[in-house]
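Have the model open beside you as you read.

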Amino acid sequence: MVIISGAAMGQGESHARLLSEAGASVVLGDIDTARGGQVAEEIRAAGGRAHFVKLDVSQAADWKNIVAEAVATYGKVTGLVNNAGITSAGSVLDCEEDVWHRVIGVNQTGVYYGMKTVAPAIIDAGGGAIVNTSSTLGYYASPAAYAYQATKGAVRTMTKSAALSLGVQGIRVNAVFPGLVDTPFIDHHRSNSALDNSISRTPLGRIAQPGEISQAVLFLLSDDASYVNGAEIVVDGGMTAGSLGSLTPAPVGAKEA
Ligand SMILES: NC(=O)c1ccc[n+]([C@@H]2O[C@H](COP(=O)([O-])OP(=O)(O)OC[C@H]3O[C@@H](n4cnc5c(N)ncnc54)[C@H](O)[C@@H]3O)[C@@H](O)[C@H]2O)c1
């Protein structure tokens, strides 16, 4: 059984549907109770085992509750996908304190609470796997997403630290690093040129569909990834592989300038 945070829409919804199709029982957590409940119902209608629990990832009590409900419903927990996240605009000078604390609370503290609360249940179950969601903005900088980047960089190193401490207890901990994904998360960019600019810097020339990230999550949770721990899977169409505008080197043997 796998707990997925932020499962009411976007990537989390897609993860829940794919994991269910692969045979897992799924417990969906989200602040959006209407949509989350609807997704769980649709998964059940399609023959899957799904249960929705209200979860604000920034609240420790909510995590205790979802673990208790998950164990009561399905007996044991063997997986966690820390997917819930919120975005924030603003440079270091523009980032107001309330925005900073809210983004850290959801994207970073939420991942801490998730791992801290769910890992003991996975140990009780005899082991399993955790997948955390970072971002390509956990790798490289943008001037205008200061708080968001702080959290996604933190998730990268939190994943590696947990891979060490939980790996010895039978839990593999890995992270996915999505590039641009076609979800409500990027809706505010759809009407401006920022989205087109980012797509033009992506070698595959398009945005990802949520299911393309879900395939990486499914792999990391599965026994196919039985020796993968502390790893980073970048799913960004090649955006962070380098610069499309790089100079072409001179041919071998050409006179040095
Ligand atoms: N979409 C992208 O381009 C992109 C790129 C890189 C990384 N990501 C990351 O992927 C993850 C999923 O993003 P998405 O694209 O599906 O976003 P989304 O906005 O489509 O969905 C996010 C989900 O998280 C839920 N959520 C928000 N705050 C929550 C909270 N406090 N507790 C529980 N649930 C909460 C929302 O209700 C929603 O269902 C996020 O961590 C995001 O930072 C997204």
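With which residue does Lys54 form a salt bridge, and how far apart are the closest N and O atoms? The partner is Asp62, and the closest N and O atoms are 3.5 Å apart. A salt bridge here is a side-chain nitrogen of Lys or Arg within 4 Å of a carboxyl oxygen of Asp or Glu.

This is a predicted model, in which local features need pLDDT of at least 70 and side-chain atom pairs count only at pLDDT 80 or more, while totals for chains, interfaces and linings use all residues. Residues are numbered from 1 along each chain as its sequence is written, and side-chain values use heavy atoms, with hydrogens and water left out.

**Salt bridges**

- A search of the whole structure finds 8 salt bridges.
- In the pair from the opening question, Lys54 is partly exposed at 43% relative accessibility, whereas Asp62 is buried at 16%. Buried means under 20% relative accessible area, exposed over 50%, and partly exposed in between (1.4 Å probe, protein chains only).
- Glu42 and Arg17 meet through their side chains in a salt bridge, at 2.5 Å from N to O. Because Glu42 lies in helix α2 (residues 33-45) and Arg17 in helix α1 (residues 10-21), the pair ties together parts that are 25 residues apart in sequence. Helices (H or I, at least four residues) and strands (E, at least two) are DSSP runs, numbered from the N terminus.
- Both ends of this pair are partly exposed: Glu42 has a relative accessible area of 34%, and Arg17 has 24%.
- Glu13 joins Arg17 and Glu42 in a network of salt bridges.
- Lys160 and Glu232 also form a salt bridge, with 3.2 Å from N to O. This pair links distant parts of the chain, 72 residues apart, with Lys160 in helix α5 (residues 146-167) and Glu232 in strand β7 (residues 232-235).
- Lys160 is partly exposed at 34%, and so is Glu232 at 24%.

**Surface patches**

- Patches are made of residues with over 30% relative accessible area and no salt bridge; like charges are joined within 9 Å, and nonpolar side chains (Val, Leu, Ile, Met, Phe, Trp, Tyr) within 5 Å. Accessible areas come from the Shrake-Rupley method with a 1.4 Å probe, and for residues only the protein chains shown count as cover.
- Asp94, Glu96, Glu97 and Asp98 form a surface patch of negative charge. Lys and Arg count as positive and Asp and Glu as negative, with His and the chain ends not counted; the place of a charge is NZ of Lys, CZ of Arg, CG of Asp or CD of Glu.
- Val92, Leu93 and Tyr146 make a nonpolar surface patch of about 340 Å².
- Leu93 sits in the loop between β4 (79-82) and α4, where its 76% relative accessibility makes it exposed.

- Lys152, in helix α5, is buried yet has no salt bridge, and the nearest side chain of opposite charge, Asp30, is 13 Å away.
- Beyond residues up to four places away in sequence, Lys152 touches Asn107, Thr133, Ser134, Ser135, Leu137 and Gly138. Contact means heavy atoms within 4.5 Å.
- Asn82, in strand β4, is buried at 3% relative accessibility.
- Leaving aside neighbours within four places in sequence, Asn82 has contacts that include Ser5, Trp63, Gly110, Met115 and Thr133.
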